[in-house]
Amino acid sequence: MNDDLKIEIDEGSGFCFGVTTAIKKAEEELEKGSTLYCLGDIVHNSMEVERLSKKGLVTINHEQMGQLHNVKVLLRAHGEPPETYAMAERNQIEIIDATCPVVLALQRRIKRQFDANPQAQIVIFGKNGHAEVLGLVGQTHQKAIVVESLDDVKRLDFNRDIFLYSQTTKSLDEFHHIIEYIQAHISPSATFKSFDTICRQVANRMPHIAEFASRHDLILFVAGRKSSNGRVLFEQCRQVNPNSHQIECADEIDMQWLNGVHTVGICGATSTPKWLMEECKDKIKDQKTLE
């Protein structure tokens with residue numbers, strides 16, 4: 001490793017405002033000393049989940065929530081389907097709702113559209129089984145069709161009306177390819193409308209992170225393996241800079257990667273805490289001092 005190694009942490013990486021708000025709400029509740037449950041991982045980052053669990057946050061699933069009564073349950077930024085709220089009411093559970101406002105607005109739009117025209121195909125470009133997508137599909141009594149790729153789109157009925165939405169953290173480019181495909185195949189007698197519901201705070205990170213990745217010899221992309229947004233952003237880094245590695249924590253850094261490297265860029269997903277990127281920087285500096 002050379003002596004003039006420069007390490008830069010990307011200013012634009014780290015929690016989006018939805019995640020920041022959810023974590024702030026969790027910390028405020030935990031400071032009161034009350035037991036707080038969280039439905040699912042508060043953020044798709046195991047290190048941050050572990051940090052909060054040490055402060056007393058208990059992560060549960062839907063089945064476990066069904067067994068609880070008279071407690072407080074935090075709903076994370078991804079949002080939840082109507083059934084979760086109904087369960088909370090039945091069990092006298094106090095909901096601390098940290099659903100991201102962008103996701104909440106999207107849920108309401110999909111519900112309005114479904115109520116207005118239940119016969120139409122409501123299509124969501126997103127990841128099957130993803131927490132946010134489950135919350136969106138729940139607005140349509142499970143009738144919405146989830147498409148993950150162009151291949152899935154080919155199976156739609158182009159003779160029936162299609163209303164297309166997107167999970168908030170998907171790629172704009174892919175979304176536009178899907179729109180173009182449907183426009184080219186929709187029957188003249190059917191209605192097609194698309195709604196760009198991709199979060200701009202997330203979408204704007206794509207060009208930013210590409211520019212950041214192009215400036216460095218080595219990119220360390222810090223993100224949880226479960227993060228959808230992490231996968232998209234890491235792919236963007238790798239396209240611009242093949243010398244990019246995804247890691248979950250500082251321990252995963254292989255010092256061999258730094259051979260012949262002059263600049264290291266550290267960046268991450270909307271679910272990556274700043275402190276984790278700082279730890280990665282410190283680890284490299286410490287190793288450098290030992291040499």
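Author: Two residues are in contact when heavy atoms lie within 4.5 Å. The model is predicted, so local features need pLDDT of at least 70 and side-chain atom pairs pLDDT 80 or more, while totals for chains, interfaces and linings use all residues. Residues are numbered from 1 along each chain as its sequence is written, and side-chain values use heavy atoms, without hydrogens and water.

Helices (H or I, at least four residues) and strands (E, at least two) are DSSP runs, numbered from the N terminus. Helix H1 covers residues 17-31 and helix H2 residues 46-54; their axes lie 11 Å apart at an angle of about 15°. Axes are lines fitted to C-alpha atoms, for helices over the stretch in contact, with angles from 0 to 180 degrees between N-to-C directions. Angles under 35 degrees count as roughly parallel, over 145 as roughly antiparallel, 65 to 115 as roughly perpendicular and the rest as oblique. H1 and H2 are therefore roughly parallel.

The crossing of H1 over H2 is left-handed, meaning that the near helix is turned anticlockwise from the far one by less than a right angle. On the H1 side, Ile23, Glu27 and Leu30 make the contact; on the H2 side, Glu48, Arg51 and Leu52 do. Three of these residues are nonpolar, none polar and three charged. Here Ala, Val, Leu, Ile, Met, Phe, Trp, Tyr, Cys and Pro count as nonpolar, Asp, Glu, Lys and Arg as charged, and the others, Gly among them, as polar.

For comparison, helix H10 (residues 205-214) and H11 have axes that come within 8 Å and cross at roughly 40°.
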